[in-house]
Every structure is written in C-alpha cells, then in structure tokens.
Amino acid sequence: GGRVLATADGGRSFSRRTTLPGNANDLLCTGALTCFTAGVGNIQRTDDGGVSWTQVSTSPYPLNRLATAGPLTMYAVGYTVAKSTDGGQTWDTSFPSGVPARELTGISCGDEFHCLMTTRDNPTQFGPLYRTVDGGVTATAVTPSTDPTFAVAFADSTRVIAAGGVGSAEVSNDAGATWSSVGSRTAGSFGILTAAGGDVAYSGGAQGALIRTKDGGQTWLNVSPPTDSDITSLAGWGSSRWAA
C-alpha cells in the first residue's frame, strides 16, 4: 500500500512517514535521510527521511530490487534494468545485451561494473545467474550450481556467495566467473530427528531416507533401512541401537 515506517532508536519504536504515491517492492537508503524505493513503473527518492517523496524515474516495467555499486552508481532491476551514475538523481533504463527476456529478481555488485543478477521465468522456475563486467551493457549466464540460484551477494569486490535450491551454497573469489560449493548436502527430504546418545543422531524422511551423524551433526552418512516407506518416527537407545 505504499506505507512507510521509520525508526530512530534502533527498532525499539517506529513512526509513520508520508505514504508513497505508488506501491514499492524494495527500499534502499544511502544516507541517514536519503532513501529510494522501486516499484511498479517508478523509482521514488526522499532526502528528508520520508517526509516527502520525488519520482526520479518512470518505467513501463515493474522493478523488484535496488542496489548500490559505488559512491554514485546504483541499479534497479525487475523486468528491465535502471542505472544511475549520479547518486540517484537521474536513471537510464535498458536491458543488458545477452539476457533473454525474463524477470530479474535481485542484483548485487562488487563495484560499478561487476554485478550479478538472479532471474526467474515464472513464480516457480528460477533461471540462471547473469554476470555483467561492463556496468550492465552486456551480461552472460553463469551457473554456480545445478540447483536454481535464489540469491547472491558480494562480500567485497571479488568474493561472492550464492544460495539456492535444496540448500545449495556456492562461493566465488573472482566476482562470479567461477564457483565452488560450500559444505555438503545429503539427498532426500527429512522430517524427523532423534538423538541416540553422545554425538550420535539419526534423521529420517521420505521414501526410506535415513542418515546418521556420529560427530554432533558436523557430517552425515546415509543408512540403508529395509524400507522404501516414509520414516515418520525414530527412537534411539545408545549409539548403535535404534528403531524406525
């Protein structure tokens, strides 16, 4: 509904600010009183902490996310890409060459030129990750994982983390050009967990999925129970006696 709340005491209390003239999908502040919103077809700016708002860009396309990429460089993405190089005073709208027509769900940048964008084709089908090294003029698809990528964030100018489906997590040390996985995952859907004494525990789930840890959850190994039915309950007694 375009309603805006602000806090000046670390979140202990909030007060209403001027309602936006349109809905907003994202809010980004670049200073104590300077903030931007991106929404359906527009970007709004306030320089007085939300007392008043000025529309600084219009677009026929919805915008989902805002991100800073440098002292004066900002991006807004959705069904298009809007870029500002003057601290959000003016915006240019275009779509990077090399990216098929799809929704851009998020963006994170290491500097003014290197950014990564998450995408999706529909509400349930997430597309590849797109990488630009020329400030959004062109972009190419990169694949951190065989699982869909939901979110991406730069930790510094070159180190990035991506998170996605089935708990996947990947890191890059070259601004998204190459990736390596973080940790390990066990295939299956798990819904029950029981401790069996000491650092031993079991977890069971759909279609006979059963895993065991003997180091307090640091690592897990598959166990092969004599069933392909869903495991709905587990009971343990000691490190080697259990029932499912």
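How far does the backbone nitrogen of R159 lie from a polar atom of the side chain of D156? The separation is 2.7 Å. This is a predicted model, in which local features need pLDDT of at least 70, side-chain atom pairs count only at pLDDT 80 or more, and totals for chains, interfaces and linings use all residues. Residues are numbered from 1 along each chain as its sequence is written, and side-chain values use heavy atoms, without hydrogens and water.

**D156 and its loop**

D156 sits in the loop between strand 14 (149-154) and strand 15 (160-164); strands are DSSP runs of E, at least two residues, numbered from the N terminus.

| Backbone atom | Distance to a polar atom of the D156 side chain |
|---|---|
| Nitrogen of T158 | 3.0 Å |
| Nitrogen of R159 | 2.7 Å |

D156 counts as partly exposed because its relative accessibility is 41% (buried is under 20%, exposed over 50%, partly exposed in between, with a 1.4 Å probe and protein chains only). L20 is 136 residues away along the chain, and its C-alpha atom is 33 Å from that of D156.

**An aromatic pair**

The whole structure holds two aromatic pairs (ring centres of Phe, Tyr or the six-membered ring of Trp within 6.5 Å; planes under 30 degrees apart are stacked, over 60 edge-to-face, the rest tilted). One of them joins F36 and W91 edge-to-face, at 6.3 Å centre to centre and 70 degrees between the planes. F36 belongs to strand 4 (residues 35-46), while W91 lies in the loop between strand 7 (81-84) and strand 8 (92-94), 55 residues apart. F36 and W91 are both buried.

Key:
Helix = DSSP H or I, 4+ residues; strand = E, 2+ residues; numbered from the N terminus. Polar contact = N/O pair within 3.5 Å; in protein donor to acceptor, adjacent residues only side chain to side chain.
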